[in-house]
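Thank you all for coming; I would like to walk you through one model this morning, and I will take it slowly for anyone who has not seen it before. Please have a look at the screen first.

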Amino acid sequence: NAVWHVTGARPNFPKAAPVVAALNERGISQGLVHTGQHYDDNMSTVFFEQLKLPRPDINLGVGSGSHAQQTATIMTGLEELFLKEQPKLVVVYGDVNSTVAAALVASKLHIPVAHVEAGLRSFDMTMPEEVNRIVTDRLSNLLLATSPDAIAHLAHEGVAADRIHLVGNPMIDTLLSFVKDSGEAPHVEGFEIPDGPFAVATLHRPANVDDPGDLNVLKDALHATADQLPVVMPVHPRGKARMTEIGLFDHDNMHAVEPLGYLEFLGLVRRSALVVTDSGGIQEETTVLGVPCLTLRPNTERPVTITHGTNQLVTAPALAGIVKETLAAGRPTTWKVPPLWDGQAGPRIAEVIDNFLAAQG
Ligand code: UD1
């Protein structure tokens, strides 16, 4: 196979699906690696099925571990694979440990790397994802950017302009292709979708869920939100035990449910009055759906979701008040979608890759 894609964690899957499909259209031979960073059925298998991703050619089965363990295990597995398969290009996605591990291995074997979602910066080096983004971009030959701010960051870091391509957002390709036909309300085990307004909440960042003190402040904020409307919270495995222990779900209006499939989550967010999250991708999805997004973080690597979309950064103590204002204002009737978030990022990326392969000979 000429092109090998490396995926591993849940947010990679909706980004890879349209790229794989568009390269297929062009008849480019490709292989797909699943590192096994995420391995629960509801964090992985369900996405492959719903997004119609091909079965991975190989699953490295690395599982969880410390950052060093996880990254090193992925690297060892990929090195063996790449030596055997001799890819002409390795495509990596986003900012997870699987992304940076693949970029390191490929570049040391002198295999070119394409980074989908290049150039995003939170300028917060305490985030593991920021480290992954910077290192991956530094090692990549093709930097495929979702937004103009990303281009500016890469230019500022000295990346040659001919390596950088503004291609739009492939995750939004996936979103738009499913929004068309997800008319029926989804079935969510453990949550009856109410007729009135409800909120969707997700939390998984180390900065929010690893420290019991911070988590207590978040608990108060979420309970003050749940005093105003039902809150459904699909719970990421990270921090689940801690959140349960401190009583975060002990409120009649807080509904903890298992992690959801892509379609179920999309169906829920579309119908919600607002979303409270610390995820990166959800800031982008709510931007396109026009659903108010309150991001529980001090910064975002996705500023277009604020300048164009419906996102705002909030602190836990301010959350309940902002929820009140947001409910009073209602769902926005007009909002801007960032340039090239139009459902055609996959084909644009495939064209860039096709031209790159042709130039390599
Ligand atoms: C990873 C990404 C993060 C992304 C998130 C989306 C990195 C550094 N972080 O964080 O950027 O937003 O995925 O979900 O790559 N676990 C399970 N089952 C699974 C996967 C994880 O139980 O299928 C549990 C394990 O206890 C594991 C913990 O979740 O130790 C954290 O998993 P890990 O892959 O290390 O990072 P995430 O927090 O999922």
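Two helices, α3, which runs over 67–85, and α5, which runs over 128–139, each supply at least two residues of the shell around the ligand. Please keep in mind, as I go on, that what you see is a predicted model.

The ligand is surrounded by 18 residues, and the closest of them are H38, N97, E129, H204 and R238.

For H236, the corresponding distance between a side-chain N or O atom and a ligand oxygen is 2.9 Å. Taken alone, the ligand would expose 750 Å², and the protein buries 84% of that area. As for where the ligand sits, it is in the largest pocket.

Let me now step back to the chain as a whole, whose secondary structure comes to 15 helices and 13 strands. Its C-alpha atoms fill a box of roughly 60 × 40 × 40 Å, taken along the principal axes. Because a compact globule of 361 residues would have a radius of gyration near 21 Å, the 20 Å found for this chain agrees with that expectation.

Terms used
Residues numbered from 1 in each chain as written. Predicted model: local features only at pLDDT ≥ 70, side-chain atom pairs only at ≥ 80, totals over all residues. Heavy atoms only, no water. Near = heavy atom within 4 Å. Polar contact = N/O pair within 3.5 Å; in protein donor to acceptor, adjacent residues only side chain to side chain. Areas by Shrake-Rupley, 256 points an atom, 1.4 Å probe, with all protein chains shown as cover. 1 Å grid on protein atoms, 1.4 Å probe; cavity = no way out; pocket = protein on both sides within 12 Å on 5 of 7 lines; lining within 4 Å. Sits in = over half its atoms within 2 Å of the grid points. Helix = DSSP H or I, 4+ residues; strand = E, 2+ residues; numbered from the N terminus. Rg over C-alpha atoms; globule rule 2.2 N^0.38 Å.
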